[in-house]
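Here is a short briefing for a first look at this structure.

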Amino acid sequence: MSVERKRFECSALPKGWQREEVLRKNGLSAGKVDVYYYSRGVRTDASLVPPIRQTASIFKQPVTVYKTQEGKVKNDFKHGPQEKPKQLFWEKRLEGLRACDVDGHELCAMELPRSLRAVGPHVTEETLLQSVATALHVSSQPVTGQTGSRTNLEKNPGVFINPDQPLVQALAVGDEDIKRQEDRVNSARVKLQEAIKAMTA
């Protein structure tokens with residue numbers, strides 16, 4: 001099959017892209033024009049969606065993108081903003097590091113409730129605390145903990161752990177837990193009032 005090719009810059013596309021029209025001269029599809037787009041070594045935007053092939057009026061088929069230069073950036077043409085992938089068990093990099101006061105003395109470790117159970121390989125209480133604290137301060141979604149079954153999480157944590165949740169088994173907070181926390185807060189407030197009165201007296 002003989003074809004006639006026309007290639008030219010297209011102002012509607014980002015800089016570095018060229019449009020090529022291939023006219024079919026014989027056969028059953030004679031007179032049809034295939035449209036191809038080429039990138040000339042320019043890093044393309046990952047949000048760029050391949051245009052729709054112009055020759056198929058009934059079936060919407062994306063064009064085939066041919067790159068003339070190998071790029072280092074993988075273009076998967078996904079829509080919308082792309083999220084940075086989260087590294088599993090990143091909290092373990094902080095193991096052994098402790099916060100210090102202004103004099104350089106290490107602060108005492110916090111005591112976590114017994115109901116908080118760590119998930120993952122060799123996750124210590126300190127790592128668990130860092131994971132939960134980060135999720136509470138950074139995450140824009142509800143913090144539920146790992147909802148997968150404990151058997152699966154222990155069997156293959158690298159596959160079954162949700163990187164968007166802290167390294168803690170899912171926990172249900174009941175009325176008794178809330179009442180116990182309220183009592184602790186009230187007790188701390190009373191101690192603070194007594195300390196303030198002692199300072200001003």
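A salt bridge is a side-chain nitrogen of Lys or Arg within 4 Å of a carboxyl oxygen of Asp or Glu. Asp 183 and Lys 179 form one, with their closest N and O atoms 3.0 Å apart. The model is predicted. By this rule it holds five salt bridges.

**A pair within helix 4**

- Side chains of opposite charge can pair when their charged atoms come close.
- Asp 183 and Lys 179 are such a pair, at 3.0 Å between the closest N and O atoms.
- They sit four residues apart in helix 4, so about one helical turn separates them.
- Asp 183 is partly exposed, at 39% relative accessibility.
- Lys 179 is also partly exposed, with a relative accessible area of 47%.

**A pair between strands 1 and 2**

- Arg 5 and Glu 20 meet through their side chains in a salt bridge, 3.2 Å from N to O.
- Arg 5 belongs to strand 1 (residues 3-9) and Glu 20 to strand 2 (residues 17-24), so this pair ties together parts that are 15 residues apart in sequence.
- Arg 5 is exposed, because its relative accessible area is 54% and exposed means over 50%.
- Glu 20 is buried, at 2% relative accessibility.

**A pair between strands 2 and 3**

- Asp 34 and Arg 24 form a salt bridge, and their closest N and O atoms are 2.8 Å apart.
- Asp 34 lies in strand 3 (residues 33-39) and Arg 24 in strand 2, so the pair ties together parts that are ten residues apart in sequence.
- Asp 34 has a relative accessible area of 9%, and buried means under 20%, so Asp 34 counts as buried.
- Arg 24 is partly exposed, at 22% relative accessibility.

- Which residues make the nonpolar surface patch?
- Leu 171, Val 173 and Ile 178 make it, and the patch covers about 260 Å².
- Leu 171 is in the loop between helix 3 (157-160) and helix 4 (175-200).
- Patch residues need over 30% relative accessible area.
- Leu 171 has 39%, and it counts as partly exposed.

Terms used:
Residues are numbered from 1 along each chain as its sequence is written. This is a predicted model: local features need pLDDT of at least 70, side-chain atom pairs count only at pLDDT 80 or more; totals for chains, interfaces and linings use all residues. Side-chain values use heavy atoms; hydrogens and water are left out. Patches are made of residues with over 30% relative accessible area and no salt bridge: like charges are joined within 9 Å, nonpolar side chains (Val, Leu, Ile, Met, Phe, Trp, Tyr) within 5 Å. Accessible areas come from the Shrake-Rupley method with a 1.4 Å probe; for residues, only the protein chains shown count as cover. Helices (H or I, at least four residues) and strands (E, at least two) are DSSP runs, numbered from the N terminus. Buried means under 20% relative accessible area, exposed over 50%, partly exposed in between (1.4 Å probe, protein chains only).
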